[in-house]
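Reader: I have a model to look over and would like to go through a few of its details. Can we take them one at a time?

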Amino acid sequence: MKTLDRLRQGLLRNRAWDLTRPDLSLELNTSHGTLLYLEDISVSFDGFRAIDGLNLYIDAGELRCIIGPNGAGKTTMMDIITGKTRPDTGTAWFGQTIDLLRLSEPEIASVGIGRKFQKPSVFEPLTVFENLELAMAADKRVWPTLRARITPEQRTRIEEVLETIGLQEHRTRRAGALSHGQKQWLEIGMLLMQAPHLLLVDEPVAGMTHQEMDRTAELLTSLAGKHSVVVVEHDMDFVRSIANKVTVLHQGRVLAEGTMDEVQNDPRVIEVYLGGEDVHGPMA
């Protein structure tokens with residue numbers, strides 16, 4: 001009975017949230033071709049300027065790689081986009097109509113921004129199929145979740161995502177039994193179930209085999225066009241394999257932007273990251 005009471009209380013809390021949350025029916029407008037606008041963003045922590053006048057623009061359907069050393073502001077930038085951190089100054093717009101700084105983290109996820117952290121966070125006791133089912137953009141309140149039966153359309157969507165992430169043959173396998181790379185792909189699939197417009201992917205190939213890295217490159221490039229994808233990554237060979245455009249962050253601001261060849265040959269990048277040494281050495 002105690003468990004039942006807790007479930008009922010959870011349902012009541014969710015109903016109260018439904019009544020008080022703001023209207024998120026704003027239609028995403030990317031008629032100018034740009035999905036994400038970050039302008040003059042700054043934030044400090046205990047006197048340290050983590051982001052310093054950052055300006056960044058991501059086009060609809062673009063795949064962008066963000067590189068830079070530890071402390072360059074990459075994680076803080078993603079925290080600001082997803083609502084985890086509030087900037088001291090600046091503006092953050094999703095399309096032309098959605099002001100991200102007025103929304104909470106759950107609200108930002110609801111308008112179509114998904115974030116994948118470096119360490120995969122899947123539900124290991126559940127199967128691959130069940131993980132995707134649980135992640136589906138639907139009514140997540142307590143009773144509907146417990147009693148839900150997926151529709152044929154939802155099942156078709158899950159099958160489509162299974163094919164996209166290459167885990168069709170593992171649909172009944174427990175997620176905890178997957179390889180590290182497969183868990184990363186499953187988590188990307190869980191984000192895709194929520195139909196995001198923008199995917200933020202943090203160091204997706206850390207700890208992967210070369211074969212898994214190649215498959216991850218194929219997966220991320222296949223998503224571009226249907227989604228905007230921002231990849232933060234330290235592996236420069238991987239970045240070169242997927243990126244049309246690279247943004248280099250340094251001390252919380254954009255240092256350089258362009259193709260991989262252009263940023264590797266930019267004198268500012270050479271000076272800051274390579275100290276004048278071999279331009280094709282490690283940059284992040």
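Reader: Which side chain is joined to that of Arg115 by a polar contact of 2.6 Å?

Author: The model is predicted. In it, Arg115 lies in strand S6, residues 113-116. Its side chain makes a polar contact of 3.5 Å with the side chain of Thr82. The polar contact of 2.6 Å joins Arg115 to the side chain of Asp79.

Reader: Is Arg115 buried or exposed?

Author: Arg115 touches Thr75, Met78, Asp79, Thr82, Leu191 and Leu200, leaving aside residues up to four places away in sequence. The cut-off for buried is under 20% relative accessible area. Arg115 has 11% relative accessibility, so Arg115 counts as buried.

Reader: How far apart are the end C-alpha atoms of helix H6, and what span should its 14 residues have?

Author: Helix H6 covers residues 152-165. At 1.5 Å a residue, its 14 residues should span 20 Å. This agrees with the distance between the end C-alpha atoms, which is 20 Å.

Reader: What arc do the buried residues of H6 cover around the axis?

Author: The residues in question are Ile158, Val161, Leu162 and Ile165, which are buried. They lie on the same side of H6, because the arc they cover around the axis is only 105°.

Reader: Which residues are exposed on the other side of H6, and which helices are included in what covers its buried residues?

Author: On the other side of H6, the exposed residues are Pro152, Glu153 and Glu163. The cover over the buried residues of H6 includes helices H4 (128-135), H7 (180-192) and H8 (210-223).

Terms used. Residues are numbered from 1 along each chain as its sequence is written. This is a predicted model: local features need pLDDT of at least 70, side-chain atom pairs count only at pLDDT 80 or more; totals for chains, interfaces and linings use all residues. Side-chain values use heavy atoms; hydrogens and water are left out. Helices (H or I, at least four residues) and strands (E, at least two) are DSSP runs, numbered from the N terminus. The expected span of a helix is 1.5 Å times one less than its number of residues. Buried means under 20% relative accessible area, exposed over 50%, partly exposed in between (1.4 Å probe, protein chains only). The arc is that of the directions from the helix axis to the C-beta atoms. Contact means heavy atoms within 4.5 Å. A polar contact is a pair of N or O atoms within 3.5 Å; within protein, one must be able to donate a hydrogen and the other to accept it, and residues adjacent in sequence count only if both atoms are side-chain atoms.
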